[in-house]
Amino acid sequence: MKQLQPVSVVLPETAPDDLRVGHVLGKSLKDPSEARVVIVGFPVHEGVRRNGGRVGAADGPVAIRQTLFRLTPDPRNHDAFVDLLQHTVDLGDFVATGDLEANQAGFGAVLASHLKRGAVAIILGGGHETSFGHFLGYVGANQPVSVVNWDAHADVRPLKDGLGHSGSPFRQILEHPSRQCRNYLVAGLNASSVAKAHLDYMATRNASWIFNEELDRDRIDATYAGLTEPAFTTFDLDAVNGAEAPGVSAPATRGLSSQVWLHAAEYAGRCKRVGSMDIVELSPRLDIDGRTARLAAATVWHFLSGLCRR
């Protein structure tokens with residue numbers, strides 16, 4: 001079975017001096033295996049359904065691309081940004097079936113080959129079950145990794161009838177028999193959305209957390225500066241204030257500002273320890289005026305902007 005399906009995005013007609021991300025993506029590549037950055041979608045929300053959330057995140061990858069590819073390269077660092085985009089390839093979306101566990105394993109296998117050669121992966125989800133497939137890429141590449149999760153929830157819930165879901169990926173990662181996860185940090189927790197039992201569980205696993213009211217730019221910078229091992233970072237859009245990110249399965253009433261959120265994305269890109277990122281929980285059918293899609297696209301854009309400054 002074919003694992004990846006190309007996704008086409010119609011770009012607006014613009015003047016030659018008004019380049020957009022999609023105009024230059026991959027233009028310097030003869031072979032995708034030479035890409036410095038790979039973009040791949042995981043259009044799955046079965047984990048959200050299992051967790052009792054509002055489904056729709058399976059449509060997230062296409063909506064993110066439609067907005068991201070229309071953005072302009074960063075004019076503050078134009079040549080470096082364009083050069084990075086020219087060496088970035090969009091691999092398309094993973095071809096999902098109704099079997100979440102098989103999808104996660106297959107997705108991990110797709111990522112592993114790129115992680116092994118040192119490419120940076122940008123993953124467009126999907127529900128937060130995306131992150132377990134993301135982690136399996138590191139397992140397949142035999143690379144230990146730490147995880148930094150920007151999220152209103154700890155997502156360490158127990159499995160349901162032995163099955164994972166969008167609320168369990170980091171329990172699955174922490175308990176994976178490979179023991180490839182070295183550390184887990186969740187930043188942006190909403191105190192009214194986190195059970196004490198989940199923090200107690202994390203404490204037994206030497207995991208750590210930061211509540212959203214404790215986050216500012218300095219704390220974000222210190223978080224990345226404190227990484228001592230290779231890491232991947234995951235951005236769950238439900239950590240952002242619901243007025244700015246309404247199109248998620250569980251919108252936040254007291255979330256992070258978009259300014260703080262995008263600073264976290266930019267510095268993830270700048271941090272040499274970060275080898276990949278995912279953006280999850282965009283549900284276009286629940287969005288209002290495309291707000292959440294624009295924020296998701298901006299998150300990836302800021303990650304790229306940081307990446308070209310390494």
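This is a predicted model: local features need pLDDT of at least 70, side-chain atom pairs count only at pLDDT 80 or more; totals for chains, interfaces and linings use all residues.

Modeller: Let's take asparagine 142, found in the loop between H6 and strand S5 (145–150). Residues are numbered from 1 along each chain as its sequence is written, and side-chain values use heavy atoms, leaving out hydrogens and water.

Most residues other than glycine have a negative phi, and most peptide bonds are trans. Asparagine 142 is also exposed, at 61% relative accessibility; exposed means over 50% relative accessible area, buried under 20%, and partly exposed in between, using a 1.4 Å probe and protein chains only.

Now step back into H6, which covers residues 130–140 and holds both phenylalanine 132 and phenylalanine 135, three residues apart, or about one turn of the helix. Phenylalanine 132 is buried at 10% relative accessible area, and phenylalanine 135 is buried too, at 0%. For ring pairs, I take Phe, Tyr and Trp (its six-membered ring) with centres within 6.5 Å; planes under 30 degrees apart are stacked, over 60 edge-to-face, and the rest tilted. That rule gives ten aromatic pairs. One of them is phenylalanine 132 with phenylalanine 135, stacked at 6.4 Å centre to centre with 25° between the planes.

A cis peptide bond joins glycine 125 to glycine 126, with omega about 20°.

Going forward instead, the loop between S5 and H7 holds aspartate 161. Aspartate 161 also has a positive phi of about 55° without being a glycine, and it is exposed, with a relative accessible area of 81%.

There's one more ring group to look at: ring pairs link Trp150, Tyr224, Phe235 and Trp261 into a cluster.

As for the whole chain around that stretch, you're looking at eleven helices and nine strands. The radius of gyration is 18 Å, close to the 19 Å from the globule rule for 310 residues, so the chain is as compact as a globular protein of that length. That radius is taken over C-alpha atoms, and the rule is 2.2 Å times the number of residues to the power 0.38. Along its principal axes, the C-alpha trace spans about 55 × 40 × 40 Å. Of the 310 residues, 57% count as buried. Take contacts (heavy atoms within 4.5 Å) between residues at least 6 apart in sequence: 80% of them join residues at least 24 apart.

Methods. Helices (H or I, at least four residues) and strands (E, at least two) are DSSP runs, numbered from the N terminus.
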